[in-house]
Structure formats: structure tokens, C-alpha cells
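The tour moves from one selection to the next.

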Amino acid sequence: MIDLRSDTVTQPTAGMLDAMMKAKLGDDVFGEDPTINELENKVASMFAMEAALFCPSGTMTNQIGIKCHTQPGDEVICDALSHVYLYEGGGIAANAGSSVKLLQGTNGRINATMVTNAINNPSDVHKPLSKLVSLENTANRGGGACYDFNSFLEIKDVCDTHQLKLHLDGARIFNAIIAKQENTAAYGEVFDSISVCLSKGLGAPVGSVLLGTSSFIQKARRVRKLFGGGMRQAGVLAAAGIYALDNHIERLATDHLHAKALATALVAKDFVGKILPVETNIVIFEVNGRFSAASLSAKLKEMGILAIAMSATQVRFVTHLDVNDRQIEETISILQKL
């Protein structure tokens, strides 16, 4: 099967498995796993931030970040398509006790004017206190759309003016960095916290890293324990993350080319409607006419291609390191025959 459901389905490469087997281990809850410490220091340094915390998932890093930045009854501002709202099990309410103000952005991205207009008057006791803005780069439900970096700077100015914190869900941050030719350190100058996922495009089997100031990460470490996320000899997982950072960032450009090739093939099909602009490794397209999203996904599965029906009318393809040139060509050939 050609698996285009998600970039989370990747298997560790031979080199990654070798690095995992050779990892030096210790008890991370005691701060004694040397490989986890190496990973945390490495990612913090890349993004020019003071400290980092290794966690099992991006959902956990996001939820820890939100809880550390807010108090129960506060409000988080984010796009209506944000992963932190749609796909994290109601965690903002359950874990942080915060409410959410949803903004209708463009392909999962919001702007400074929208944030300004969304901030509640802190003197109005009827409304929650606006405390945190959460952005997602790339935007999953926006078809892997990337923010323009100037938008970050403009939103940061609004947050500073109104004393709000700014969090980045960077589940696919390296896809954005490669696509926009950005550098990691610039992100650390803008965001109060960043979640960096290792198990999507980078291909590690498990793990995300939360970044922030030393005091923020000290608090986050306590919250991670509260959430049940304290791992012991987890350096085997951290070793995969280190290998991914050393070997799999630049190759993301190949995934982006593959996604654009799929989008070009889809344009010619009579059952395909709007295709969201393809900037990175995600292709989301409308299905109409003789197929529904569900029936097209089922038909593709019969023909050896796994895809996800994102809604009743949308299908998603995601390219990744386990999909090679030949498989992309085969997928295009199958699409042409439909």
C-alpha cells in the first residue's frame, strides 16, 4: 500500500534504529538520561531558547504549554481550524480550564488585526481574561499552509502591547522553515513557547519537544509529571529525534515536490473541486460529482492507496519519507485512470 494518510505513519530508518540501539540511557525523571538531555539542549540551541522538555506527543507539549501560560477561567485565542482546538480531545478545557475564542482565519492562519479585535476588555468582569494566542505552522487543516514571518512579528507586537503570551504549535515547523527558507533561531525571538514535533515529517517514531525560558520549562516539567508524561529510560526515543534532526530536515523539500506533483495531477480530474494551495507536504482537495470523500478514499484503497476523508467533501494526501518517487508516479497513474 502507498500510505498517504499522514506523515505520522513513517517507520524508523536503518540509521535511526541503529542510533536508538546505541543510545546511552538514564532515568529522565531524575534528569539523568544523557540522550534526552542532549536532545533537549540541541533543540533549545537550534531555536535560540533557554530550555526544552521532551514529551511523548505534540498534543502533550501543546497542552502543557497552554496550562503553563493560563489560569482556569482565562481565554486562549486561536484559529477555528487549530489542532489545539479540534484534535486534542478538549484538552484546553479539561487540562487548563480555559475557554477558547475561535477566529475565522485564512487556511488556518490569523493576523494581528484579528487578534487585536479578539482581545477582551480586562475590566469587563463578564468576560474571561485573554491570556494566550496560539498559532499553528504549518496549518494542518489549512493544507499545510505557512505563515509569513512578518505576520508573527505583527501578532507578537499585539501580544506584547496587551500582555498576552504567544505559543506556536510547530507540529510541522521544519516543513515551514524549509518551504520559506527561514532559520530556526528567529522563531525563538518571537514566541514565548514552541512545540516541535519529531514524529511527523522528520520521521521519528515518538516525541515532541516544548521550548521556552528556563523558568517556564521548570514549570512545564512539573505539569508533564501531572499529566503522566514523566518517562524513565526514554533516551532510545530521544536518539531517534536527534538522528531525525541531523538527517531528515533538508529532505523535506522532496516531500513538498511530491505534494505539488499530486496536486497537479488532481487538477485534471472532473471529480476534484477546490484544491487548497500546496506549500508543503499536505494536499487537501474537495471531492464532488461521481465521488464523495468517503467513496473516493474507499476506491483509492482498493487500488493500493491509503488516504483520509477529512470531511464529507474533503480528502487529504500527506507525503513523507516513506513515499518515494516511484510511489508518487504510481499514485499519479492511478489518479489518471479514475
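A residue is called buried when its relative accessible area is under 20%, exposed when it is over 50%, and partly exposed in between. The model on screen is a predicted one.

Start by selecting Glu279 and Arg109, whose side chains meet in a salt bridge (3.7 Å, N to O). Glu279 sits in the loop between strands S9 and S10, and Arg109 in the loop between strand S4 and helix H6, so the bridge ties together parts 170 residues apart in sequence. Glu279 counts as partly exposed because its relative accessibility is 25%. Arg109, at 21%, is also partly exposed.

Next, select Arg232 and Asp27. They form a salt bridge with the closest N and O atoms 3.2 Å apart. Arg232 is in the loop between helices H10 and H11, while Asp27 is in the loop between helices H1 and H2, 205 residues away.

Move to Arg224 and Asp28, another salt bridge, with 3.2 Å between the closest N and O atoms. Arg224 lies in helix H10 and Asp28 in the loop between H1 and H2, 196 residues apart. Both residues are buried.

Now select Lys156, Asp160 and Asp192, which are linked in a network of salt bridges. The structure holds 16 salt bridges.

Finish with Leu81, Tyr85, Leu86, Tyr87 and Leu102. These form a nonpolar surface patch with about 390 Å² of accessible area together. Within it, Tyr85 belongs to helix H4 (residues 83-86) and is partly exposed at 37%.

Technical notes. Residues are numbered from 1 along each chain as its sequence is written. This is a predicted model: local features need pLDDT of at least 70, side-chain atom pairs count only at pLDDT 80 or more; totals for chains, interfaces and linings use all residues. Side-chain values use heavy atoms; hydrogens and water are left out. Patches are made of residues with over 30% relative accessible area and no salt bridge: like charges are joined within 9 Å, nonpolar side chains (Val, Leu, Ile, Met, Phe, Trp, Tyr) within 5 Å. Accessible areas come from the Shrake-Rupley method with a 1.4 Å probe; for residues, only the protein chains shown count as cover. A salt bridge is a side-chain nitrogen of Lys or Arg within 4 Å of a carboxyl oxygen of Asp or Glu. Helices (H or I, at least four residues) and strands (E, at least two) are DSSP runs, numbered from the N terminus. Buried means under 20% relative accessible area, exposed over 50%, partly exposed in between (1.4 Å probe, protein chains only).
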